[in-house]
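Me: Could you go through this structure with me, one topic at a time? I have the sequence and the model open.

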Amino acid sequence: MKISVIGCGYLGAVHAACMAKLGHDVVGVDVDERKIAELSAAKAPFYEPGLEELLRDVQETGRLKFTTDVSAVAGSAVHFICVGTPQKIGENGADLTYVDAAMRTLTPHVLPGDIVVGKSTVPVGTAARLAAVLEKNQPSAHLVWNPEFLREGHAVADTLQPDRFVYGVLGGSEDHIAVRVLDEVYEAPLSSGTSRIVTDHPTAELVKTAANSFLATKISFINAMAELCDAAGADVTQLADAIGMDDRIGRKFLNAGIGFGGGCLPKDIRAFMARAGELGADQALTFLREVDAINMRRRTRVVELTRDLCGGSLLGKKITVLGAAFKPESDDVRDSPALSIAAQLQLQGAVVTVTDPKALTNAARRFPELHYEADCNSAIKSADALLLLTEWHQYRDLDPYEVAGVVASARILDGRNVLDPAKWRAAGWIYRGLGRP
Ligand code: NAD
């Protein structure tokens, strides 16, 4: 099928490449000329495992093109909207400027019978509004909301083989013509067993924000338990193992640490609260305020623990932060808790060096005042304390005996609870985890 993808960021670039991999003829459109130049040269504009290989692989087939010229979408039967929906500046709500602009530039090129598919995460009610815009311009085109659940770091596999598809169509009926078209787009994953749910527009929009709210709540729940474990001298990792054995609870997303960040969970729960307020249902989501507060408290807690670890004062202390990305296997630093902690430590007088295998360029753009060092060994040299804040395997696998010979002072704060405390202590380290005695 002929497919267009509007917005080629973390979501859209992967989606475009994967749709071409599934055999479709794809054109990716973005307003960012640098991104388009890189994608056209089969270079990934950000780090995502497997993406660059995939881009090279599919571009050789001639089935994948990128352009800044939106008129190139003409002739595609399906148009995916994958532009950003960041948090509004100074407000909790989502900024829909990009979605509206994408729709405005796209509609003149939409032909009768085309399907416009929203994948961006949007406040409930957006699809109905956009469907009206589309209908005014092209009455025989259809709007589907098809939220995306990919995880950065696993985006290629998650797109080629997702765990479910949700199609939100007008009226929510299986018989809607757009269902057949999308089934054709996703024929390969559907035929290998991916489930799909057909529903109406508002339910499809809510599925995504509800899923992210649940995940955020699970993380903040275990982090609240970590606070209690700290107060009571208990071990949150054992607590998580034990409660996680109950399959109604499950062990995933129960790792206490410095909390969640990135370009999705924080802004999505805030936008959800804002939208609930607009709908007069704000009470239903007041718990998310607490989820957010617990999450942000983790960052201050780590600063305080680091001060303790350094003997009561941060002034002049050389601190090395291992990890800048919001999660491993990504270079995404949007609302990264690691960087936010690094910046707070620096503000309080510490001399902070940040290292990361992939995210330093993005980190330096966001926090130019921090010092960055790409080489891990140079970064940890003469440090008074190490903070493991993003659990890249390089840092999980550090040898405590070797590292002890490089730092000035063998103190480590394990912000992700991924190191073996006994091993590090045996090598002479003062080890601090979060919610661990
Ligand atoms: P991003 O910032 O990486 O990418 C957005 C892209 O859209 C940018 O390249 C930008 O230049 C482009 N753009 C903006 N306006 C445009 C326009 N009018 N025409 C064409 N291109 C335009 O953001 P992202 O992380 O890819 O997220 C996109 C959406 O997907 C968001 O709503 C996000 O919440 C959702 N989402 C993201 C993920 C993820 O893991 N990143 C997962 C699921 C859902």
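Me: What do the buried residues of α5 pack against?

Reply: This is a predicted model, and in it the buried residues of α5 pack against α4, β5, β6 (142-145) and α9 (201-232).

Me: Which residues of α5 are buried?

Reply: Thr126, Ala127, Leu130, Ala131 and Leu134 are the buried ones in α5. Seen down the helix axis, these buried residues fall within an arc of 125 degrees, so they line one face of α5. In general, an α-helix has 3.6 residues a turn, so residues three or four places apart point the same way.

Me: And which residues are exposed on the other side of α5?

Reply: Glu135 and Lys136 are exposed there, on the other side of α5.

Me: What span should α5 have, and what does the model give?

Reply: Helix α5 covers residues 126-137, and at 1.5 Å a residue its twelve residues should span 16 Å; the C-alpha atoms at its ends are 17 Å apart, which agrees.

Me: New topic: Asp114. Where does it lie, and is it buried or exposed?

Reply: Asp114 lies in the loop between α4 (97-106) and β5 (115-118), and because its relative accessibility is 7%, Asp114 counts as buried.

Me: What does Asp114 touch?

Reply: Leaving aside residues up to four places away in sequence, Asp114 touches Ser76, Ala77, His79, His109, Ser140, Ala141 and His142.

Me: How far is Asp114 from Gly9?

Reply: From C-alpha to C-alpha, Asp114 and Gly9 are 23 Å apart in space, and they are 105 residues apart in sequence.

Me: On to the rings. How many aromatic pairs are there?

Reply: There are six aromatic pairs in the structure. One of them joins Phe80 and Tyr186, whose ring centres are 6.4 Å apart and whose planes are at 45 degrees, so this pair is tilted.

Me: Which parts of the chain does the pair of Phe80 and Tyr186 link?

Reply: It links distant parts of the chain, as Phe80 is in strand β4 (residues 78-81) while Tyr186 is in the loop between α7 (177-185) and α8 (187-191), and the two are 106 residues apart. Phe80 counts as buried because its relative accessibility is 0%, and Tyr186 counts as buried at 1%.

Me: What about Trp424 and Trp429?

Reply: Trp424 and Trp429 form an edge-to-face aromatic pair, 5.0 Å from centre to centre and with 70 degrees between the planes, and both residues are buried.

Me: Which residues do ring pairs link into a cluster?

Reply: Phe80, Phe165, Tyr167 and Tyr186 are linked into a cluster by ring pairs.

Me: And which charged ends sit over rings?

Reply: The charged end of Arg164 sits over the ring of Phe149, at 3.6 Å from the ring centre. The charged end of Lys358 sits over the ring of Tyr47, at 4.6 Å from the ring centre.

Me: Last topic, the backbone. What is phi of Ala42, and where is Ala42 found?

Reply: Phi of Ala42 is near 60 degrees, a positive value in a residue other than glycine. Most residues other than glycine have a negative phi. Ala42 is found in the loop between α2 (33-40) and α3 (51-59), and Ala42 is buried, with a relative accessible area of 11%.

Me: And Asn417, what is its phi and where is it found?

Reply: Asn417 is not a glycine either, yet has a positive phi of about 50 degrees. Asn417 is found in the loop between β13 (411-414) and α18 (421-426), and Asn417 is buried, with a relative accessible area of 11%.

Definitions and conventions. Residues are numbered from 1 along each chain as its sequence is written. This is a predicted model: local features need pLDDT of at least 70, side-chain atom pairs count only at pLDDT 80 or more; totals for chains, interfaces and linings use all residues. Side-chain values use heavy atoms; hydrogens and water are left out. Rings of Phe, Tyr and Trp (its six-membered ring) pair if their centres lie within 6.5 Å; planes under 30 degrees apart count as stacked, over 60 as edge-to-face and the rest as tilted. Helices (H or I, at least four residues) and strands (E, at least two) are DSSP runs, numbered from the N terminus. Buried means under 20% relative accessible area, exposed over 50%, partly exposed in between (1.4 Å probe, protein chains only). A charge sits over a ring if NZ of Lys or CZ of Arg is within 6 Å of the ring centre and within 35 degrees of the ring normal. Contact means heavy atoms within 4.5 Å. The expected span of a helix is 1.5 Å times one less than its number of residues. The arc is that of the directions from the helix axis to the C-beta atoms.
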